[in-house]
Amino acid sequence: MASDSGDQKARNPDYEKPGRDWAQAVWKVVADIPSGYVLTYGEVARLSGNPRYARRVGQAMRWAPRELQLPWHRVINAQGKISFPADSAAYREQKDRLEAEGVVLLKGRIDLKRYGYAGALDRLFWADPEG
């Protein structure tokens, strides 16, 4: 019996592998998030040109070469929360990194109006599409 991931690959000819253009577009968007700001997985997907790939943003970030040193901690879920379980080391690391940049979590949430990267919208509309 084939694994679920094997079945997915067989059924979906658009199944993407590391290094594809969509993953590289995600890496660029995440790399451009300035210190002290966040984007949601959905916003990263939209800005990378794949608005339906929100669930795959985390996957693309896991595939990123370590030398890119992506600011992964600046990507949160649509509710303004860290996606890792609250009792995990990954949650604590992400929270610590965000707080070190001045991002405040109140009751486990980040105020997206205050800390959401508003410049991302300008980038979407005005940035050089080749840049």
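Me: Is Ala 45 buried or exposed?
Reply: Happy to start there, with a note on the source: this is a predicted model, where local features need pLDDT of at least 70, side-chain atom pairs count only at pLDDT 80 or more, and totals for chains, interfaces and linings use all residues. Residues are numbered from 1 along each chain as its sequence is written, and side-chain values use heavy atoms, leaving out hydrogens and water. Buried means under 20% relative accessible area, exposed over 50% and partly exposed in between, with a 1.4 Å probe and protein chains only. Ala 45 has a relative accessible area of 0%, so this residue is buried.

Me: In which helix is Ala 45 found, and which residues is it in contact with, leaving aside neighbours within four places in sequence?
Reply: Helices (H or I, at least four residues) and strands (E, at least two) are DSSP runs, numbered from the N terminus, and Ala 45 is found in helix α3. Contact means heavy atoms within 4.5 Å. With neighbours within four places set aside, Ala 45 is in contact with Asn 50, Pro 51, Tyr 53, Ala 54 and Val 57.

Me: How many Å apart are Ala 45 and Val 26 in space?
Reply: Along the sequence, 19 residues separate Ala 45 and Val 26. From C-alpha to C-alpha, their distance is 6.8 Å.

Me: Why does Ser 48 count as buried, and which residues is it in contact with beyond four places in sequence?
Reply: Ser 48 is in the loop between α3 and α4. It counts as buried because its relative accessibility is 12%. Leaving aside neighbours within four places in sequence, its contacts are Ala 25, Val 26 and Val 29.

Me: Which element gives the most to the lining of the largest pocket?
Reply: On a 1 Å grid over the protein atoms alone, a pocket is an open set of points where a 1.4 Å probe fits, with protein on both sides within 12 Å along at least five of seven lines; lining residues have an atom within 4 Å of a point. The largest pocket is lined by 18 residues, with Gly 58, Met 61, Arg 62, Leu 70 and Trp 72 nearest its centre. Both α4 and α5 (89–100) supply at least two lining residues. The element that gives the most, with 4 residues, is α4.

Me: What is the angle between the planes of Tyr 37 and Tyr 117?
Reply: Rings of Phe, Tyr and Trp (its six-membered ring) pair if their centres lie within 6.5 Å; planes under 30 degrees apart count as stacked, over 60 as edge-to-face and the rest as tilted. The structure holds 4 aromatic pairs. Tyr 37 and Tyr 117 form a tilted one, 6.0 Å centre to centre, with an angle of 50°.

Me: How many residues apart are Tyr 37 and Tyr 117?
Reply: Tyr 37 is in the loop between α2 (21–31) and β1 (39–40), and Tyr 117 in the loop between α6 (112–115) and α7 (119–126). The pair links distant parts of the chain, which are 80 residues apart.

Me: Is Lys 107 buried or exposed, and what is its phi?
Reply: Lys 107 lies in the loop between β3 (105–106) and β4 (109–110), and is exposed, with a relative accessible area of 86%. Most residues other than glycine have a negative phi. Lys 107, although not a glycine, has a positive phi of about 55°.
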